[in-house]
Amino acid sequence: VMRGEETQVLGWLAGDPARRRGWRVLCLPGTHAKWVAVADGKIARFITAMTGELFALLKTHSVLRSPPTEGELAGEDMTAFSIGVMAAGDGSALASRLFSARGRFLAGELAAGGVESYLSGLLIGAEIGALWEKVRGEGDSVDIIGDAALARLYAHALKLRKITARVTDGEAAALEGLKAIWWEAA
């Protein structure tokens, strides 16, 4: 199910005529991340991953939520995030891998403030590990369309996996898509 992402894809395609040639892979991160394969300007396939929703549930309603800390601010810890991305492997056995967040904290490998970043990296890394080969085609790069902060995390995770990523602002792509629709209808 796509609800708006197709407008962003259309806007991205409208941004450069060269994007309408060949096989392209797009990632639209969010609550329900989309991986879209575009063949010669047309959506050939897409896959949805509940990564954002799982992250929200796990960080607030599970044993994996960040432990309370004294004086330590929970925030983005890119080292913990990177460790999580690499611990995700090929995305298989995610339920087992998720518990490593708790194990690493209890073993002293993760500070309390890094648990959330590790969990984020683990989920995004598992998403990439499981879906990249399903949408890749002949390509070796991904265009990320979305919110700057989340797109930056995905770009970092892809770089760790040796996959080139380019980022396009999601709001700008949506506006370009709406303009393209308007011009087509006019």
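Colleague: Which elements do the buried residues of H1 pack against?

Modeller: The buried residues of H1 pack against strand E1 (23–28), strand E2 (33–39), strand E3 (42–49), E4, strand E5 (164–169) and helix H8 (170–185). Helices (H or I, at least four residues) and strands (E, at least two) are DSSP runs, numbered from the N terminus, and contact here means heavy atoms within 4.5 Å. This is a predicted model, in which local features need pLDDT of at least 70 and side-chain atom pairs count only at pLDDT 80 or more, while totals for chains, interfaces and linings use all residues. Residues are numbered from 1 along each chain as its sequence is written, and side-chain values use heavy atoms, with hydrogens and water left out.

Colleague: And how many residues of H1 are buried, and which ones?

Modeller: Seven of the 10 residues of H1 are buried, so that helix is mostly covered; they are Glu5, Thr7, Gln8, Val9, Gly11, Trp12 and Leu13. Buried means under 20% relative accessible area, exposed means over 50%, and partly exposed is in between (1.4 Å probe, protein chains only).

Colleague: Stepping back, what pattern does the protein chain follow?

Modeller: Read along the sequence, the pattern is α-β-β-β-α-α-α-α-α-β-α-β-α, which comprises eight helices and five strands. The protein chain is as compact as a globular protein of its length, because its radius of gyration is 18 Å, close to the 16 Å that the globule rule gives for 186 residues. That radius is taken over C-alpha atoms, and the rule is 2.2 Å times the number of residues to the power 0.38. Along the principal axes, the C-alpha atoms of the protein chain fill a box of roughly 60 × 30 × 25 Å.

Colleague: What share of the protein chain counts as buried, and what share of the contacts is between residues 24 or more positions apart?

Modeller: Of its 186 residues, 39% count as buried. Among contacts with a separation of 6 or more, 63% come from residues 24 or more positions apart.

Colleague: Let's switch to pockets: what volume does the largest pocket have?

Modeller: The largest pocket has a volume of about 250 Å³. A pocket is found on a 1 Å grid over the protein atoms alone, as an open set of points where a 1.4 Å probe fits, with protein on both sides within 12 Å along at least five of seven lines; its lining residues have an atom within 4 Å of a point. Grid points are joined across faces, edges and corners, and the volume is the space filled by probe spheres set on the points.

Colleague: Which residues lie nearest the centre of the largest pocket?

Modeller: Arg3, Glu5, Thr31, His32 and Lys34 lie nearest its centre, out of 13 residues in the lining. Helix H1 (5–14) and strand E4 (141–146) are the elements that give two or more residues to that lining. By class, the lining has four nonpolar, six polar and three charged residues, where Ala, Val, Leu, Ile, Met, Phe, Trp, Tyr, Cys and Pro count as nonpolar, Asp, Glu, Lys and Arg as charged, and the others, Gly among them, as polar.

Colleague: Since E4 came up, is aspartate 143 buried or exposed?

Modeller: Aspartate 143, which lies in strand E4, counts as buried because its relative accessibility is 5%. Leaving aside neighbours within four places in sequence, aspartate 143 is in contact with Trp12, Val25, Leu26, Cys27 and Arg166.

Colleague: And aspartate 140, buried or exposed?

Modeller: Aspartate 140 is in the loop between H6 and E4 and is exposed, with a relative accessible area of 53%. Not counting residues up to four places away in sequence, aspartate 140 touches Trp132, Ile163 and Thr164. The C-alpha atoms of aspartate 140 and isoleucine 163 are separated by 6.1 Å, although these residues are 23 residues apart along the chain.

Colleague: What about serine 120, where is it found?

Modeller: Serine 120 is found in helix H6 (residues 115–135) and counts as buried at 12% relative accessibility. Apart from neighbours within four places in sequence, serine 120 is in contact with Phe55, Phe81 and Leu153.

Colleague: Last topic, what is phi of aspartate 40?

Modeller: Phi of aspartate 40 is near 50 degrees, a positive value in a residue other than glycine. Most residues other than glycine have a negative phi. Aspartate 40 lies in the loop between E2 and E3 and is exposed, with a relative accessible area of 53%. Alanine 93 also has a positive phi, about 50 degrees, although it is not a glycine, and alanine 93 is found in the loop between helix H3 (78–87) and helix H4 (94–98).
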